[in-house]
Amino acid sequence: MAPTSTSLFSFTHTQCPDKPRSLLRPTPSVSLFRSASLSFPSNSLPTFRCSLNTAVHDAPIEEKVDVPIEKKFPSFPTVMDINEIRNILPHRFPFLLVDRVIEYNPGVSAVAIKNVTINDNFFPGHFPDRPIMPGVLMVEAMAQVGGLVMLQPEVGGSRDNFFFAGIDKVRFRKPVIAGDTLVMRMTLVKLQKKFGIAKMEGKAYVGGEVVCEGEFLMAMGKEE
C-alpha cells in the first residue's frame, strides 16, 4: 500500500491476509538516512512502517559567492555633472562646493553631493591635526544646491541677481571629515515672487545620518 501522507513522516499499514497471524515475521529495518524505516512487529497486530520523507534534504544548497567589497556598493547616479553645474552656478574654485547632482526637480528640490577630500584647501587650517569641514562651508554648499533649484526660468532666478539672504535654525549634528561624502537635499518651501524671496529647507547627510540641517532664505534681485 502506498504512503498515505506527503508530510515529513508517512505511515503505511501492512496486512497479510494470505498468511496466518502466527506466521508474521518482523520487517527488517533500514538504517540508511535517506530511507529510514521503523518497524513494530507483533504476532497479533499489523505492521506499521514509518519512512522519512527526504525531499527537504534533497533541495540543492546554494553556494555563497563572495563579492569583492569594491563591487558591493553602487555609485551615485549622475543627473547633472560638474560641467552642467558650472553652467548654472557662478561659483568657481575654490568655492564651488557641489560635485554632482543625483536628483533634480527644477523649482522644487535637488539632491547633490560634495566629495570631501584631504586636498580641499580649507583642511590645512581647519585643523592641521584633525581635518574637519567647517560648518559655514557646509551651509554654503547647501545654499549652492538651493541655487540649483532656484536658478531656473520656471522660478525666475538668474545667476546675475541671486543671493544667499539668511539662515535660521541651523544645527550641526556630527563632524564631517576628509573621506566623507556629503549628501545634501534642498527643498523649496515658500516662494514670494513679488518680493523676490524664497524659503528653503535643507538637510545634509553622511552615511544616511543627518550632520547638518537648517532653513535658508534666498533673495532674487530685480534686473536693472
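These legends accompany several close-up views of one predicted model.

Before you start, note that residues are numbered from 1 along each chain as its sequence is written, and that side-chain values use heavy atoms, leaving out hydrogens and water. Because the model is predicted, local features need pLDDT of at least 70 and side-chain atom pairs count only at pLDDT 80 or more, while totals for chains, interfaces and linings use all residues.

**View 1. The whole chain at a glance.** The protein has three helices and nine strands, where helices (H or I, at least four residues) and strands (E, at least two) are DSSP runs numbered from the N terminus. Along the sequence, these elements follow the pattern β-β-β-α-α-β-β-α-β-β-β-β. Of the 224 residues in the protein, 33% are buried; here buried means under 20% relative accessible area, exposed over 50%, and partly exposed in between (1.4 Å probe, protein chains only). Contact means heavy atoms within 4.5 Å. Among contacts between residues at least 6 apart in sequence, 59% join residues at least 24 apart.

**View 2. An open sheet of six strands.** The strand order is β4-β5-β7-β8-β9-β6, with antiparallel pairing. At the edges sit β4 (100–105) and β6 (162–172), each of which pairs on one side only. From one strand to the next, the twist averages 20°. Two strands pair if DSSP finds at least two bridges between them. Strands β7 (residues 181–192) and β8 (residues 197–206) run antiparallel and are joined by nine bridges. To find your place in this pairing, look for Val183, whose bridge partner in β8 is Tyr205.

View 3. Helix α3 (residues 135–150) has 16 residues and should span 22 Å at 1.5 Å a residue, which agrees with the 23 Å between its end C-alpha atoms; the expected span is 1.5 Å times one less than the number of residues. The helix is mostly covered, with 14 of its 16 residues buried. It lies across β4, β5 (109–115), β6, β7, β8 and β9 (209–220), and runs at about 55° to β9. For such angles, axes are lines fitted to C-alpha atoms, for helices over the stretch in contact, and angles run from 0 to 180 degrees between N-to-C directions.

**View 4. The largest nonpolar core.** A nonpolar core is a set of buried Ala, Val, Leu, Ile, Met, Phe, Trp, Tyr and Cys residues joined through side-chain atoms within 4.5 Å. The largest one holds 41 residues, and Leu148 and Leu182 touch the most other members. Two or more residues each come from α2 (82–88), β4, β5, α3, β6, β7, β8 and β9. Helix α3 gives the most, with 10 residues. Zooming in on Leu148, you will find that it touches Met80, Ile85, Ile88, Leu89, Val98, Val101 and Tyr104, not counting residues up to four places away in sequence.

**View 5. Aromatic pairs.** Rings of Phe, Tyr and Trp (its six-membered ring) pair if their centres lie within 6.5 Å; planes under 30 degrees apart count as stacked, over 60 as edge-to-face and the rest as tilted. By this rule there are two aromatic pairs. Phe122 and Phe123 form an edge-to-face pair, 4.7 Å centre to centre with 65° between the planes. Phe122 is buried at 12% relative accessible area, and Phe123 is buried at 3%. Phe164 and Phe216 form a stacked pair, 5.9 Å centre to centre with 25° between the planes. This pair links distant parts of the chain, with Phe164 in strand β6 and Phe216 in strand β9, 52 residues apart. Phe164 is partly exposed, at 36% relative accessible area, whereas Phe216 is buried, at 1%.

View 6. A cis peptide bond joins Phe93 and Pro94, with omega about 5°; Pro94 lies in the loop between α2 and β4. The peptide bond from His126 to Phe127 is also cis, with omega near -5°, and Phe127 is in the loop between β5 and α3. In strand β6, Lys169 has a positive phi, near 55°, although this residue is not glycine. Lys169 is exposed, at 53% relative accessibility. Asp120, in the loop between β5 and α3, is buried at 13% relative accessibility. Asp120 touches Lys114 and Asn115, not counting residues up to four places away in sequence.
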